[in-house]
Amino acid sequence: MVPAVYRDILDHDVIRRNRAREPEKLESAATHMISSVPGHVTFNAVKRALAGRESLDSVERSSRHLEDPFLLFFLRTHTFSSSGRERLP
């Protein structure tokens, strides 16, 4: 059962505010990310879990939409390599 607060935030603050064209994909990405908390989540892992129904850019965009209403937040992995830091969003 999905809590009403989660459903309201997802519907009003994420889907409507960002005018999502395919809300079911955004919802499935959000559900996967939230079910992975407090573990390590990568965009590639979310893409694989969704069986390739979303592109990597779409998963990354979904994550930014979920950060706006403070539903989730993401931490960057630390790296000492300069090339690795350039690839981080």
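**Second largest pocket.** I looked up the lining of the second largest pocket and found Asn18, Arg19, Ala20, Arg21, Glu22, Lys25, Leu26, Glu54, Ser58, Arg61, Ser62 and His65. For a pocket I took an open set of points on a 1 Å grid over the protein atoms alone, with protein on both sides within 12 Å along at least five of seven lines, and lining residues have an atom within 4 Å of a point. By class, I noted two nonpolar, four polar and six charged residues in this lining; Asp, Glu, Lys and Arg count as charged, Ala, Val, Leu, Ile, Met, Phe, Trp, Tyr, Cys and Pro as nonpolar, and the others, Gly among them, as polar. Helix α4 gives the most to the lining, with four residues.

**Ground rules.** This is a predicted model, where local features need pLDDT of at least 70, side-chain atom pairs count only at pLDDT 80 or more, and totals for chains, interfaces and linings use all residues. Residues are numbered from 1 along each chain as its sequence is written, and side-chain values use heavy atoms, with hydrogens and water left out.

**Helix α4.** Next I checked α4, residues 56–67; helices here are DSSP runs (H or I, at least four residues), numbered from the N terminus. Its buried residues (under 20% relative accessible area, 1.4 Å probe, protein chains only) are Ser58, Val59, Ser62, Ser63, His65 and Leu66. They cover an arc of only 160° around the axis (directions from the helix axis to the C-beta atoms), which puts them on the same side of α4.

**Leu26.** I then turned to Leu26 in helix α2, which counts as buried at 5% relative accessibility.

Methods: Helix = DSSP H or I, 4+ residues; strand = E, 2+ residues; numbered from the N terminus. Expected span 1.5 Å × (residues − 1). Buried < 20%, exposed > 50% of the residue type's maximum accessible area, 1.4 Å probe, protein only. 1 Å grid on protein atoms, 1.4 Å probe; cavity = no way out; pocket = protein on both sides within 12 Å on 5 of 7 lines; lining within 4 Å.
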